[in-house]
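Trainee: Can we walk through this one together? I'd like to begin with the labels.
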Amino acid sequence: MTIPTVKLNDGNIMPILGFGVFQIPDHNEAKKAVEMALSNGYRLIDTAESYNNQTAVGEALRQSSTNREDVFLTTKLWVSNFSYEKAKQAIDHDLKELKTDYVDLLLLHQAYGDIAGAWRAMEEAQKAGKIKSLGVSNFWPNQLKNLELMVNVKPVVNQIEINPWYQREKEVIWNQQEDVVVEAWAPFAEGKNNIFTNEVLSKIGQKYCKTSGQVILRWLIQRDIVIIPKSVHDDRQKENTEIFDFELSSEDMKLISTLDKNTSQFFDHHDPTTIEQIFGSSLRELRK
């Protein structure tokens, strides 16, 4: 199986389908899941400092028969490392945990804290060959534009929540017009609101002999959005790759658009109270 790719604005190439390891903190389970994903043809692996499984991902990559240069490895800096000095240290720590000399893509995980200082460290690491591409996650258009005005290297990717309940049409178009690739986290909304048994998605899937999950992934692919679904089950991992042998019609796409609830299924990144609850302790740690 050959997975299609997208070209980033820095010229590097990224698979449009990958494997995410969010919420797999157990070392052995994470290692096994990544090994399984590689054997099932995945060549994009997405992790993060805050997932607490970089060591497992690194061991899986090191022990795999898949060549390191054939894998597009992504990780993310957490906000507690958002300063120039702390980001420099964190990047070297991440490489050590991942047992690699470089990562293909490093993202700022959130848009809060000293993002300019962290980005400067990322640019230096890129020049040193430790990172191939630089990007962000959970940035709104105004936050991304503000970062672009401060830095020398333009972000190549913005990884944001996108699923049928939260479709973010305007944000997706804006990023793509900026030549920033959009990558979807939580494409299945973690199963919220009975997404896998939704009548609209199920009926569309029946037309193509596909599951609702496959319809969701295909819908995202047809919007030119990179996807990183997670599963620790072999059959589901394989199922998630079987989305390149059919195409949704314009009518299908319009029907799916009617499902949009236009609200995050997890938390509001604009709410100051939520920001303090989620990121406050990490930001306070930076002041020490």
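Mentor: Happy to. Helices (H or I, at least four residues) and strands (E, at least two) are DSSP runs, numbered from the N terminus. The model is predicted, so to speak of local features we need pLDDT of at least 70, side-chain atom pairs count only at pLDDT 80 or more, and totals for chains, interfaces and linings use all residues. Residues are numbered from 1 along each chain as its sequence is written, and side-chain values use heavy atoms, with hydrogens and water left out.

Trainee: Thanks! Where is Ala186 found?

Mentor: Ala186 lies in the loop between strand S9 (181-185) and H7. Its phi is positive, about 55°, although Ala186 is not a glycine.

Trainee: Is Ala186 buried or exposed?

Mentor: Ala186 counts as buried because its relative accessibility is 16%. The cut-offs are under 20% relative accessible area for buried, over 50% for exposed and partly exposed in between (1.4 Å probe, protein chains only).

Trainee: What about Asn52, what is its phi near?

Mentor: Phi of Asn52 is near 60°, again a positive value in a residue other than glycine. Most residues other than glycine have a negative phi. Asn52 sits in the loop between strand S4 (44-46) and helix H2 (54-63), and at 60% relative accessibility it counts as exposed.

Trainee: On to the sheet. How many strands form it, and in what order?

Mentor: Eight strands make an open sheet, ordered S3-S4-S5-S6-S7-S8-S9-S10, with parallel pairing. Two strands pair if DSSP finds at least two bridges between them.

Trainee: Which strands stand at the edges?

Mentor: Strand S3 (19-20) and strand S10 (226-227) do; each has a single partner strand, so one side of each is left without a neighbour in the sheet.

Trainee: What does Leu108 touch?

Mentor: Contact means heavy atoms within 4.5 Å. Not counting residues up to four places away in sequence, Leu108 touches a list including Leu77, Phe82, Trp119, Met122, Val136 and Phe139. Leu108 also belongs to the largest nonpolar core, which has 89 residues; Met14, Leu77, Leu108, Met122 and Ile162 have the most contacts inside it. A nonpolar core is a set of buried Ala, Val, Leu, Ile, Met, Phe, Trp, Tyr and Cys residues joined through side-chain atoms within 4.5 Å.

Trainee: And His109, is it buried or exposed?

Mentor: His109 is buried, with a relative accessible area of 7%. Its place is in the loop between S6 and helix H4 (115-127). Leaving aside neighbours within four places in sequence, its contacts include Ala48, Tyr51, Lys76, Trp78 and Asn138.

Trainee: Changing topic: where is Glu148 found?

Mentor: Glu148 is in helix H5 (residues 141-150). Glu148 is buried, at 15% relative accessible area, and touches Lys154, Pro155, Glu178 and Val180, not counting residues up to four places away in sequence.

Trainee: How about Lys88, what is it in contact with?

Mentor: Lys88 is in contact with Ala121 and Glu124, leaving aside its neighbours within four places in sequence. Lys88 is found in helix H3 and counts as partly exposed at 34% relative accessibility.

Trainee: Last one: at what angle do the axes of H7 and H8 cross?

Mentor: The axes of H7 (residues 199-208) and H8 (residues 212-221) cross at roughly 90° and come within 8 Å. Axes are lines fitted to C-alpha atoms, for helices over the stretch in contact, and angles run from 0 to 180 degrees between N-to-C directions. H7 and H8 are therefore roughly perpendicular to each other; angles under 35 degrees count as roughly parallel, over 145 as roughly antiparallel, 65 to 115 as roughly perpendicular and the rest as oblique.

Trainee: Which residues make the contact?

Mentor: Leu201, Ser202, Ile204 and Gly205 of H7 meet Ser212, Val215 and Ile216 of H8.
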